[in-house]
Amino acid sequence: MRHDQIPIDVPTAQALIRQQFPHLRSEPIRFLPSTGTVNAIFRVGDLLAARFPLHESDPAELAESLSTDADAMGELAGRSPVPTPTCVGLGRPDKSYPLPFTLQTWIPGHVATPTMVSDSPKFAADLVRFIQALRATDLDGRSFNGRGRGGALPDHDEWMEHCFTRSAGLLDVPRLRWMWAGFRGLPAGGNDTMSHGDLTPANLLVDGGRLAGVLDGGGFAPADPSLDLVAAWHLLGRPARTTFKEGLGSSDVEWQRGAAWAFQQAMGLVWYYQRSNPAMAGLGRSTVERLLDDPEVGAR
């Protein structure tokens, strides 16, 4: 998916895990296909998963980042009303694979898709409870760190211009430029709250039509409270979005800012993953289509 992607196969993962975590030597290890773009994931027995970063980076800096992520995952697990993974081990680089990797607890469930629970008010209500639990977490003096989504919308103008340029011929760029012009001018969000930061289908697990677990908790941190509202357009149809909005009690500004963050995220998916990851490109398209079709945001 990227020019700097690091290859990792089952024999390499098996050797690294069994060498560095001897108590797992008898556990079967198998690759798990996914639409993820950051890590290659391997199932380790019935209770664990190993995540191997796919992109080149400084090993020492990455190890520090993974350690920080592990702390965030532990904090999220203590607040979440549904299961979330925790980190149980940090693997070391090796000549066969140049980066640190993580071992995490396995959370059962089916990975969501953009349409799997789109008409489910119960799933929407589950998302509400999850986000409310995160928002109730004490910031303990923390605030948004200024990186990525979750701060000021105009900070993303350069990225959005790049996306509009690359999306020519793929999407209705003039209309999408018009939408971004409205989004970037929205009033500032409310006070920071703790946020998952990436509530996309790939990070949500479903069982029996209900939210069964949430993955990728390493980004649990303070942000614009509207950031987790991206789930509304990534996963929900219009009636379920109404359930979601009413359950959260979102103001019009918060709702519009949530749409803006979903838009910002989706615009980077269609052109970038058009050939390398069709499922991610498809998510971008479906999210953009929902935004354009939403009478509260698409006709701004």
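**Cysteines, cores and helix packing**

Reply: Starting with a cysteine: Cys87 counts as partly exposed because its relative accessibility is 25% (buried means under 20% relative accessible area, exposed over 50%, partly exposed in between, with a 1.4 Å probe and protein chains only). This is a predicted model, so local features need pLDDT of at least 70 and side-chain atom pairs count only at pLDDT 80 or more, while totals for chains, interfaces and linings use all residues. Residues are numbered from 1 along each chain as its sequence is written, and side-chain values use heavy atoms, with hydrogens and water left out.

Me: And Cys163, buried or exposed?

Reply: Cys163 is buried, because its relative accessible area is 0%.

Me: How many disulfides does the count come to?

Reply: The count is 0 disulfides. A disulfide here is a pair of cysteine sulfur atoms within 2.5 Å.

Me: At what angle do H4 and H8 pack?

Reply: Helix H4 (residues 157-166) and H8 pack at about 50 degrees, and their axes are 9 Å apart. That angle makes H4 oblique to H8. Angles under 35 degrees count as roughly parallel, over 145 as roughly antiparallel, 65 to 115 as roughly perpendicular and the rest as oblique. Axes are lines fitted to C-alpha atoms, for helices over the stretch in contact, and angles run from 0 to 180 degrees between N-to-C directions.

Me: Left-handed or right-handed, that H4 and H8 crossing?

Reply: H4 passes H8 in a left-handed crossing. A crossing is left-handed if the near helix is turned anticlockwise from the far one by less than a right angle, and right-handed if clockwise.

Me: What about H5 against H8?

Reply: Helix H5 (residues 173-184) packs on H8 at an angle of about 135 degrees, with the axes 10 Å apart. H5 is therefore oblique to H8. This crossing of H5 and H8 is left-handed.

Me: Which residues in H5 and H8 meet?

Reply: From H5, Leu176, Met179, Trp180 and Phe183. They meet Gln256, Ala259, Ala260, Phe263, Gln264 and Met267 in H8.

Me: And H9 with H8?

Reply: The axes of H8 and helix H9 (residues 278-293) come within 9 Å and cross at roughly 145 degrees. The crossing of H8 and H9 is left-handed. H8 brings Ala259, Ala262, Phe263, Ala266 and Met267 to the contact, and H9 brings Gly284, Thr287, Val288 and Leu291.

Me: Now the nonpolar cores. Which residues have the most contacts inside the largest one?

Reply: Phe244 and Phe263, in a core of 55 residues. Helix H8 (residues 252-267) gives the most to this core, with 8 residues. A nonpolar core is a set of buried Ala, Val, Leu, Ile, Met, Phe, Trp, Tyr and Cys residues joined through side-chain atoms within 4.5 Å. A second, separate core has 21 residues, including Ile8, Ile17, Ala40 and Phe42.

Me: What does Phe244 touch?

Reply: Leaving out residues up to four places away in sequence, Phe244 touches Ala124, Leu127, Val128, Ile131, Asp228, Leu229, Ala232, Leu236 and Trp255.

Me: New topic. Where is Ile29?

Reply: Ile29 is in strand S1 (residues 29-32). Ile29 counts as buried because its relative accessibility is 6%. Not counting residues up to four places away in sequence, its contacts include Ile17 and Phe42.

Me: Loops next. Where does Asp140 sit?

Reply: Asp140 is in the loop between helix H3 (121-135) and H4. Its phi is near 55 degrees, a positive value in a residue other than glycine. Asp140 is exposed, since its relative accessible area is 65%.

Me: And Leu139?

Reply: Leu139 is also found in the loop between H3 and H4. With a relative accessible area of 22%, Leu139 is partly exposed. The C-alpha atoms of Leu139 and Thr193 are separated by 6.9 Å, at 54 residues apart along the chain. Neighbours within four places in sequence aside, Leu139 is in contact with Asp192, Thr193, Met194 and Pro222.

Note on methods. Helix = DSSP H or I, 4+ residues; strand = E, 2+ residues; numbered from the N terminus. Contact = heavy atoms within 4.5 Å.
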